[in-house]
Amino acid sequence: MSFEYTLEKKCKDTKARLGKFSTPHGDIETPIFMPVGTKATVKTMTPEELEEIEAQIILSNTYHLYLRPGHELVEEAGGLHKFMNWDHPILTDSGGFQVFSLSDMNEISEEGVNFKSHIDGSSHFISPEKSIEIQMALGADIIMAFDECPPYPADEEYVKKSLERTTRWLERCIGAHDRDDQALFGIMQGGMYKELREQSAKEILEFDLPGYAIGGLSVGEPKEEMIKVLDYAPDLLPEDKPRYLMGVGTPLDLFEGVMRGVDMFDCVFPTRVARNGAVFTSEGRITVRNASYKKDFTPLDGDCECYVCKNYTRAYIRHLIKQNEILGVRLTTYHNLHFLLNMMDNIRTAIKEDRFLEYRREFYKRYGLELDDEDNSTCREDF
């Protein structure tokens with residue numbers, strides 16, 4: 001199958017783009033946020049509920065599914081789509097980030113990574129070829145090249161060697177991949193160093209891939225450092241291919257990424273904070289488990305049209321969460337994902353109607369953030 005990205009419109013005031021990416025399980029309208037279903041499930045959500053909130057694509061994790069239940073079992077079940085009853089696009093990451101961040105011990109070599117499972121301490125080895133083998137068995141529509149994601153901070157010499165290894169691993173991933181119904185994306189690395197980002201982009205673009213990702217951000221760096229990289233990194237990638245910013249997903253981060261030309265985002269943030277009782281609203285984030293909401297019989301967000309806000313109050317949801325009732329985190333998760341997906345839909349509409357900056361300004365103002373009139377930047381570094 002030919003994976004085609006269509007650039008439908010460019011914002012007249014910013015680098016924001018409206019596009020569409022075709023996959024075997026449907027078209028993806030961009031810019032888009034992808035809910036994370038790490039272990040073949042978006043925590044607490046059924047596939048039917050994901051359809052209700054109009055999730056176009058979800059992400060699953062190669063590392064976790066390799067460990068449990070095993071990619072062979074998923075393949076025997078007919079692939080991820082059938083295994084989890086989701087008949088829409090799926091993206092799997094390569095497992096590289098988790099190998100480096102979750103395992104009790106890892107040893108990197110040119111061949112790949114030896115690591116110990118964070119579950120039981122058992123020893124494993126993942127190479128570029130193994131990562132592709134796992135992802136082909138899982139059967140996602142979009143798969144990611146196996147890369148080395150350097151930590152923050154990391155010195156320039158280390159980051160340079162790391163990105164060059166990532167390029168060599170990309171070539172091996174391409175050699176191992178033989179499914180024409182999967183789009184293999186390459187990943188730009190380079191840390192916080194502009195020249196290294198430029199080097200990485202130049203190297204991976206030598207391989208004509210269906211899409212490219214910006215890796216190595218949201219790994220602990222200050223927000224202003226991430227924004228500095230985003231000011232130029234998307235421009236290093238092709239205009240006629242989707243650009244994916246990995247691991248970023250707060251409401252304001254999504255605005256900042258879209259404004260700089262990013263098309264795809266994913267993050268566990270909205271579901272993770274939901275399990276702690278934190279919810280997004282049109283006037284900022286609130287922690288509904290706090291005592292101040294004990295007698296608050298209003299919806300989580302009075303401007304939200306989701307199922308949760310139409311049917312339940314802050315007081316009731318606080319009660320559920322305080323009592324450790326599963327329904328509580330189901331409701332906060334549903335709302336948070338609906339909030340982000342609805343926000344992204346509004347962003348796409350605003351780009352289409354040439355009012356993206358106006359919508360962004362209105363959204364930020366309700367969040368209590370004023371924008372600088374000259375450069376449209378926020379007055380706060382950490383949001």
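**Close-ups of a predicted model**

**View 1. Asp354 sits in the loop between α14 and α15 (356–366).** Like everything in these views, this residue comes from a predicted model. Asp354 isn't a glycine, yet its phi is positive, at about 55°.

**View 2. Asn324 is another non-glycine residue with a positive phi.** Here, too, phi is about 55°. Look for Asn324 in the loop that links α13 (314–322) to α14 (326–352). Its relative accessible area is 67%, so Asn324 counts as exposed.

View 3. You'll find Pro31 in the loop between strands β3 (26–30) and β4 (32–34). For background, most peptide bonds are trans.

**View 4. Arg68 and Pro69 are joined by a cis peptide bond.** Omega is about 5° for this bond. Where is Pro69 found? Pro69 lies in the loop between α2 (62–67) and α3 (71–76).

**View 5. Helices α7 (residues 156–176) and α8 (residues 194–204) pack with their axes 10 Å apart.** The angle between the two is about 10°, which makes α7 roughly parallel to α8. On the α7 side, the residues that meet α8 include Val159, Leu163 and Leu170. Among their partners on α8 are Leu196, Gln199 and Ile204. Sorted by class, the contact of α7 with α8 has five nonpolar, three polar and four charged residues.

**View 6. Thr167 is a buried residue in helix α7.** Which residues is Thr167 in contact with, if you skip its neighbours within four places in sequence? They are Glu203, Ile204 and Phe207.

**View 7. Helix α8 has buried residues that pack against several elements.** Leu196, Arg197, Gln199, Ser200, Ala201 and Ile204 are the buried ones. They pack against α7, strands β11 (183–188) and β12 (211–214), and helix α9 (223–230).

**View 8. Zooming back out, the chain has 15 helices and 16 strands.** Its radius of gyration is 20 Å, close to the 21 Å that the globule rule gives for 383 residues, so the chain is as compact as a globular protein of that length. Of those 383 residues, 57% count as buried.

Technical notes. Residues numbered from 1 in each chain as written. Predicted model: local features only at pLDDT ≥ 70, side-chain atom pairs only at ≥ 80, totals over all residues. Heavy atoms only, no water. Axes fitted to C-alpha atoms, helices over the stretch in contact; angles between N-to-C directions. Helix = DSSP H or I, 4+ residues; strand = E, 2+ residues; numbered from the N terminus. Parallel < 35°, antiparallel > 145°, perpendicular 65-115°, else oblique. Contact = heavy atoms within 4.5 Å. Nonpolar A, V, L, I, M, F, W, Y, C, P; charged D, E, K, R; others polar. Rg over C-alpha atoms; globule rule 2.2 N^0.38 Å. Buried < 20%, exposed > 50% of the residue type's maximum accessible area, 1.4 Å probe, protein only.
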